[in-house]
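Thanks for coming, everyone. I have one structure to show. Please look at it for a moment before I start.

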Amino acid sequence: MTEDRGVVLRMSFLQRTEQLAVLGAAFADADRGRGRVVVVTGGLAGGKTALLQRYCDSARSEGTLVLTATGARAERRLRMGLIDQLFTTDAVPPAVLDRAGRLLLEDPPGREDAGAGDPDDWSWDSRRSDAHTVRALCDLLLDLATTQPVVIGVDDVHFADEASLEVLLYLCRRLDRTRILLVLTEWARPLSTQPLFDAELTRLPHEVVELPPLSVAGVAELAGRRMSTAAARRVRLLAGGNPLLVKALISDNEAVDGRLVAGPAYRQAVLNCLHRWEPRLLMVGRALAVLGEHATEELAARLTGLAPAAVTPIMEVLSDAGLLLDCRFRHPQGAAAVLDAMSPRERAAMHLRAAEILNWRGIPASVVGRHLIAGGVVPGPWAIAVLRDAGQQAMAGDDVGLCAAALDLALTACDGEPERTAITNALARALWRVSPARAGLKLAPLVRALEEGTLDAAHALMVVRHLLWQGVSYDPQITVDLVRAATQTETAHEVLSVVLGQQWLFGRRETHMFDTCVELLNSNGPSPWVEAALALGTLSYEGAAEQIIANATLILRSCRLGDFTVEIIVGALYALLYADQPEAAAHWCVTLLAEATERGATTWQALLAATYGEVLLRKGDLEQAVAVCEQALPMLAGPGWGAVICLPLTVLLTAYTALGRHELAEGLSRHVVPATADETLLGMRYLEARGHHHLATGQLLRALEDFDKCGTRIPAWNLDVPELLPWRTDAAQAHLRLGNRQLATGLANEELRLCRTARSRGRATRVLAACSELRRRPALLEAAVDALQESGDRLELARAMAELSRVYDALGDFSRARIVARSADQFAAAKETTAAGGDEAGAALSDAELRVARLAARGHTNREISRRLSITASTVEQHLTRVYRKLKVNSRANLPERLAGLATDPESTGELRAAN
């Protein structure tokens, strides 16, 4: 290369320095009169065009005559279209341009008889252009190089028309002693678009320059300082080193920090690659995008209708271009871009064809079902069976959306009523997990069939559950029929869930129903799980607390959270709560809520969150109870809650009232509650909470009206136990405020006689103290505090201690009043453990030490503690000394704060910890 005429490239170009050096050396030979042909090859969108443009621009800037042309698939039938482009530069003398123009306008002999042909035909037929025209055009190019070197750059020569290829071959044969450098770019691919041209060119002297994919260093060089080596490595992996895709990813991630994003630029680059070649490239790309993770060469051939031998080289092209890896698009956005670019009709047709192919190959129904859903129609009876199986598999994987879509589509094609009923039932069951309102709409025809007596017992379970959720009463014989059907199947736990849901959430209607259920379900042999579940219903809070706790714990351990078990699980949680085990109930609530959230079951989340709110309320954590239920309430649309909306509303009303947020409580008391709720246990609990709001705001008659309504219905439902709904002490407080002391005292005494747990005894005793003479109140309130400390109900405990403080103040014992008031405040504000290491401290205190510590925290003297516990004063002092040391306090004044988090008895806490 001569220094004054050479093309000097002063900077690296995307790791193409070596290739540019080859072009420079070839030009140097041409400049010395030894013309050269260089073929630049590489993958699809591999940078060939950029390299050619860069070299030609550099050559032009050095004064070299540069002629360029670009092949295009759309112009393959345009005679001499590519050669015409070479003579469109102002650098060519006008006389040469005029001569070339006249030659290009001439038609070869016989052209008018030629057929249109196929513009995408890969073969080069035997037709030849006029030899005179070809020779004359080549002479013009050769003449241009007599006075100066010439660079001719032809991009995408594989798309050149046949006449232009003849001219290029004619020129190649005569370059030996010219000053022409001919640079051609062509895809490196297994099958050439112009096999005859390539064969002829191979026989002539030429040099091949291959463009490999960009390396990590090349990606980083292209991105500049904006990208780290680690990021460049991720980009190269995703783009396969394809410069076009690399640039697109760099563009998409200019403003992204950290995670690599394949955005609009990448999507468009993928489409650009697929549209650069003939239609079969796009056909295969679309087939692979539709097939997704199940894509193979064989299936792509079947889906496109192409021969496997034709698909294989296309797959190689796409892989070399960085689009594919193991027959799949390297990034989901690549496949998504291809699918989105298809018309809805094309996409649906391919999905339906894919469904048939994949089903024939035995691919799982969940995969085939997705294709049928995307296709939007059911092509035959086989598809209905596939869709039903797909729905079942989707529910096993917690994919409610796929299940609902599959069964909805199946419903559009089934004709027989039994099949339609079965599919509707399965669809409602799936939708129930996320939206009971939507499930209810689907169940409407089944509800009518149940009312008309034409619904099979096998499909009645979901309808009964829906009716219960809405608070609608139904014939108890239906439940017996369900249980009888369950004995012939594996659905006993589902029926039990409905039975227990009726008991614990909605109130028991018929006692004999449980006896019949026990007899039927035990007919196949005793089952500990079944017996425990039925025991919760038959005990009805009237049995021993230990038995209730054992049965509830067995259910919670044995029963996995599912579509037909959530009610029985919630019933078991309430059993623990009413048996004064809030800590155990809290543990299970947190565990189950986490599972429901992870599985995306909105209905489960809402129901369990509302239950957890009640547990938190019992534990005295009012703010957290409010937070949990305020989050739960909007999880289900109003109709979706049905009568169960009373559950979160009850918690919120109670908490707002206790926190003094009466305006919020008043607004909530006006919340629209289904009329059917009045016939449910949940509705009665809501009335109780509303009554306490009315009581706290001085609306005494309205409060008494709510409490009396509870007192009328609860006994009639055979659920008249204080642990469930203490309507007598509720009414007693209203009567006391109205001046009916004697009536209030009678109600409180009657409830105290019926109480079976420490919490209900403590609550009834507190109300009885309010009805008694002032001098009798301290002893009653002390007994109430003792019972409530045992139960773990911090809210009721704080109330009892606050009243005890007021009584001491009224009696003139101001010192003790202040101590008890401080304890009440601390218990009201306490969480699970307020002192560091509270659980360990509570476990360290013995039962005797804890009793002494609690009495001391209430302001009792050592002598008073001695009398109450029947121990010597010396023993009291010894216990207090050990308590101070274990709790790390110096005086009685610090005891309330340290004991506030230890509201449960240590022995019972230890038993619960062992049980769980």
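I will take a helix pair, then salt bridges, then a few loop residues.

Some ground rules. This is a predicted model, so local features need pLDDT of at least 70, side-chain atom pairs count only at pLDDT 80 or more, and totals for chains, interfaces and linings use all residues. Residues are numbered from 1 along each chain as its sequence is written, and side-chain values use heavy atoms, with hydrogens and water left out.

Helices first. Helices (H or I, at least four residues) and strands (E, at least two) are DSSP runs, numbered from the N terminus. Look at α33, residues 646-658, and α35, residues 681-696. At what angle do α33 and α35 pack? About 20°, with the axes 9 Å apart. Axes here are lines fitted to C-alpha atoms, for helices over the stretch in contact, and angles run from 0 to 180 degrees between N-to-C directions. So α33 and α35 are roughly parallel to each other. The cut-offs: under 35 degrees is roughly parallel, over 145 roughly antiparallel, 65 to 115 roughly perpendicular, and the rest oblique.

Who makes the contact, meaning heavy atoms within 4.5 Å? From α33, the residues include Leu649, Leu653 and Thr657. From α35, they include Tyr686, Ala689 and His693. The contact residues divide into eight nonpolar, six polar and two charged. In this scheme Ala, Val, Leu, Ile, Met, Phe, Trp, Tyr, Cys and Pro count as nonpolar, Asp, Glu, Lys and Arg as charged, and the others, Gly among them, as polar.

Now salt bridges. The rule is a side-chain nitrogen of Lys or Arg within 4 Å of a carboxyl oxygen of Asp or Glu. How many salt bridges does the structure hold? There are 38.

Pair one is Glu298 with Arg361, at 3.4 Å, N to O. Glu298 lies in helix α13 and Arg361 in the loop between α16 and α17, so the pair ties together parts that are 63 residues apart in sequence. Glu298 is partly exposed, at 43% relative accessible area. Arg361 is partly exposed too, at 38%. For burial, under 20% relative accessible area is buried, over 50% exposed, and in between partly exposed (1.4 Å probe, protein chains only).

Pair two is Glu583 with Lys619, at 3.0 Å, N to O. Glu583 sits in helix α29 and Lys619 in the loop between α30 and α31, so this bridge joins parts 36 residues apart in sequence. Is Lys619 buried or exposed? Buried, at 3%. Glu583 is partly exposed, at 23%.

Asp793 is in the loop between α40 and α41 and Arg759 in helix α39, so parts 34 residues apart in sequence are tied together. Both Asp793 and Arg759 are buried.

Then the network. Asp730, Arg763, Arg766, Glu796, Arg799 and Glu803 are linked by salt bridges.

Last, the loops. Most residues other than glycine have a negative phi. Cys327, between β6 and β7, has a positive phi near 70°. Cys327 is partly exposed, at 22%. Asp580, between α28 and α29, has a positive phi near 65°. Asp580 is buried, at 10%.

One more loop residue: Trp717, between α36 and α37. Trp717 is buried, at 11%.

Key: Contact = heavy atoms within 4.5 Å.
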